[in-house]
Amino acid sequence: MKPVRKVEGRAIPFGQKNVDTDVIIAAEWLKTISREGLGKGAFESIRAQEGNVFDDPEYAGASVLIAGDNFGCGSSREHAAWALDDMGIKAIIAPSFSDIFSSNAFKNGLLAIPLPQEAIDRLMEVAKTDPITIDMESMSVTTPFQDRFTFEMDPFRQQCLMDGLDEIDLTMAKSDAIEAHENRVDSAQSWHKPIAA
Amino acid sequence: MTEAKTLYEKIWDAHVVDQRDDGTALIYIDRHLVHEVTSPQAFEGLRKAGRKVRRPDLTLAVPDHNLPTTARIDADGNKIPIADPQSAAQLEALEANAPAFGIKYIGASDKEQGIVHVIGPEQAFTLPGTTLVCGDSHTAAHGALGALAFGIGTSEVEHVLATQTLQLSRSKSMEIRVEGLLGPGISPKDLILHIIGVIGTAGGTGHVIEYRGEVFEQMSIEGRLTVSNMSIEGGARAGLIAPDEKTFAYLKGRPMAPKGADWDAAVAYWKTLPTDDDARFDKSVTIQASDVAPTVTWGTSPEDVVAVTGHVPAPESFADASKQDAARKSLDYMGLTSGQALGDVAVENIFIGSCTNSRIEDLRAAAQVLDGRKKAAGVKWAIVVPGSGLVKAQAEAEGLDKIFTDSGFEWREPGCSACLGMNPDKVPPGERCASTSNRNFVGRQGPGARTHLMSPAMAAAAAVTGKLTDVRELIG
Ligand code: SF4
């Protein structure tokens with residue numbers, strides 16, 4: 001994973017609440033066996049509408065998406081995170097995220113930044129004309145107008161994102177503990193036996 | 001005395017491999033279900049990094065999501081290829097990946113094939129007190145057996161394949177207590193739709209739900225699976241129901257269930273799992289069972305529920321501006337007007353199936369309504385898709401397939417089918433579908449498709465009258 005320390009750029013003032021992952025990427029696009037190329041299918045049903053914010057030239061090349069409450073709810077499809085990444089989005093700012101989406105975003109080095117609604121309202125305004133900056137070190141979102149909003153993130157995730165750590169490697173380093181657990185279960189709960197392959 | 005714990009806390013504590021200071025833990029995963037759509041990139045990742053599957057013996061693979069539900073074997077016993085090249089490629093990838101990594105694979109034309117969340121319990125792959133994951137959000141369903149089961153993304157699928165663990169932070173606990181019993185003709189699906197209407201689609205975010213109350217104790221395992229299945233629609237990653245005698249009776253003798261002395265040891269352990277009397281939940285919601293009517297959705301979010309005897313709500317009736325706006329968009333998409341009686345809404349398509357409602361009891365409930373009746377002239381497409389090959393065989397042994405086909409339904413092969421628009425079973429744009437699935441999102445059943453969620457009996461009633469219908473009028 002690439003380290004992410006800072007994201008700077010224009011933001012798409014989307015603002016919609018309860019955006020489900022079917023909206024982010026429709027089922028038809030899930031037939032791929034690769035992680036790439038899904039940006040074309042992102043927000044398809046919204047982009048079919050005239051004057052939608054995603055195709056507004058003002059926001060071409062934007063790296064941040066601002067959304068409403070409960071972003072990424074519904075299906076667990078990680079394709080939603082891949083699609084956002086493929087369309088060039090590096091961070092999403094919203095009052096809240098679904099649990100599965102924020103985890104999927106994290107695994108792909110995509111920032112899911114929670115901020116209160118008032119901050120979102122302000123950033124939606126700023127986004128119309130100016131860029132915003134997200135700094136992972138200080139965990140803050142700033143604008144050219146001296147706005148500064150701080151956010152919280154579990155320190156482990158913060159570290160992994162900033163250092164671009166591979167989670168599987170981190171876990172494999174604990175294989176002794178995993179094996180110890182397996183041995184414990186094998187001896188205490190023989191019924192727990194795995195199925196025959 | 002030991003500290004009082006909830007069912008969730010007991011399962012969590014028994015699976016901590018490594019506890020970190022920041023409150024997160026490495027949690028051992030006992031069971032992993034793999035399907036064709038969310039796994040190819042995970043296997044690819046393993047291959048690239050030169051990693052193996054740590055515990056293939058705890059992993060079970062089956063295709064379900066994009067398999068067509070039409071015949072899979074021709075008259076000469078040959079496999080019928082999938083027409084869509086991308087779907088075919090996904091299926092081939094799973095067919096190749098499973099043996100390459102030593103994973104047990106149930107093939108598209110095997111008699112045990114079915115939807116991951118139907119075959120897990122059916123094979124007793126799912127057991128009480130275990131942790132179970134799958135790259136599909138409706139994994140919550142397995143919580144009905146008292147397993148801590150939740151959906152994961154593809155990177156997590158890869159992580160579990162490689163390490164048999166997940167790095168997780170503990171969720172908060174939420175009790176949904178239902179007081180009283182359901183009225184006649186009211187099903188578990190009506191109950192869970194009602195619950196989602198009360199708590200909202202974000203009501204359970206960050207929480208693991210435990211469903212409690214006499215209604216669940218009396219409910220069959222099939223019904224419990226329907227309830228737990230839709231926990232994710234209430235925002236919760238998992239939804240548990242305490243294992244009890246019904247759970248044990250359901251599991252006993254199933255193919256992967258413990259046998260002999262192991263069985264007795266397992267039951268003794270499972271009996272220690274239910275939430276202790278004085279354990280505390282972080283959040284508690286009480287629902288009166290007597291408030292639950294036959295329920296349908298009117299909008300494009302599973303929280304948009306209303307009694308079928310009611311009316312389409314006015315967007316102005318919602319408190320906050322964004323919900324009003326969402327309601328306006330929903331009504332526009334759904335082609336409904338506020339104040340319209342639900343009972344006047346005509347449907348052209350009927351889908352009985354999905355991991356929410358495709359088990360034998362669901363098919364029996366629908367067949368009971370359809371027996372001796374025909375689908376209405378206005379209903380163009382009506383399909384029944386059993387959740388697994390075993391459900392299909394059981395239904396055929398009971399003659400249910402005959403009832404369905406006599407009334408004008410198509411009787412299909414198991415799979416996800418019209419639950420999601422990624423296989424050939426789709427609802428045409430602008431048309432309505434009375435559906436027993438779990439999501440009524442924009443485009444979920446195909447671009448422009450209008451979904452009304454409901455129980456199997458209600459979907460059958462809609463097929464008979466051609467409109468959304470209170471099933472109690474037909475079975476009373
Ligand atoms: S039936 Fe629908 S919800 Fe269930 S696993 Fe298949 S696609 Fe997912």
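For the residue classes used here, Ala, Val, Leu, Ile, Met, Phe, Trp, Tyr, Cys and Pro count as nonpolar, Asp, Glu, Lys and Arg as charged, and the others, Gly among them, as polar. All views show a predicted model.

**View 1. Residues around the ligand.** The shell around the ligand holds 14 residues, of which B:His138, B:Ser354, B:Cys355, B:Cys416 and B:Cys419 come nearest. Its composition is 6 nonpolar, 6 polar and 2 charged residues. Because domain 1 (17–168) and domain 2 (295–475) of chain B both contribute residues to this shell, the ligand lies between them.

**View 2. The contact between domain 1 and domain 2 of chain B.** The C-alpha centres of these two domains are 28 Å apart. Each side is represented in the contact, with 22 residues from domain 1 of chain B and 22 residues from domain 2 of chain B. On the side of domain 1 that touches domain 2, helix 4 (residues 116–122) of chain B gives the most, with 4 residues. That side of domain 1 divides into 7 nonpolar, 9 polar and 6 charged residues.

**View 3. Packing of helix 6 against helix 8 in chain B.** Helix 6 (residues 188–199) and helix 8 (residues 221–229) of chain B pack at an angle of about 20°, and their axes are 9 Å apart. Angles under 35 degrees count as roughly parallel, and helix 6 and helix 8 of chain B are therefore roughly parallel to each other. Their crossing is right-handed. Helix 6 of chain B makes the contact through B:Pro188, B:Lys189, B:Leu191 and B:Ile192, and helix 8 of chain B through B:Gly223, B:Thr226 and B:Val227. By class, this contact comprises 4 nonpolar, 2 polar and 1 charged residues.

Terms used
Residues numbered from 1 in each chain as written. Chains lettered and ligands numbered in written order. Predicted model: local features only at pLDDT ≥ 70, side-chain atom pairs only at ≥ 80, totals over all residues. Near = placed C-beta within 6 Å. Domains from an automatic or database assignment. Contact = placed C-beta atoms within 7 Å. Helix = DSSP H or I, 4+ residues; strand = E, 2+ residues; numbered from the N terminus. Axes fitted to C-alpha atoms, helices over the stretch in contact; angles between N-to-C directions. Parallel < 35°, antiparallel > 145°, perpendicular 65-115°, else oblique. Left-handed = near helix turned anticlockwise from the far one by under 90°.
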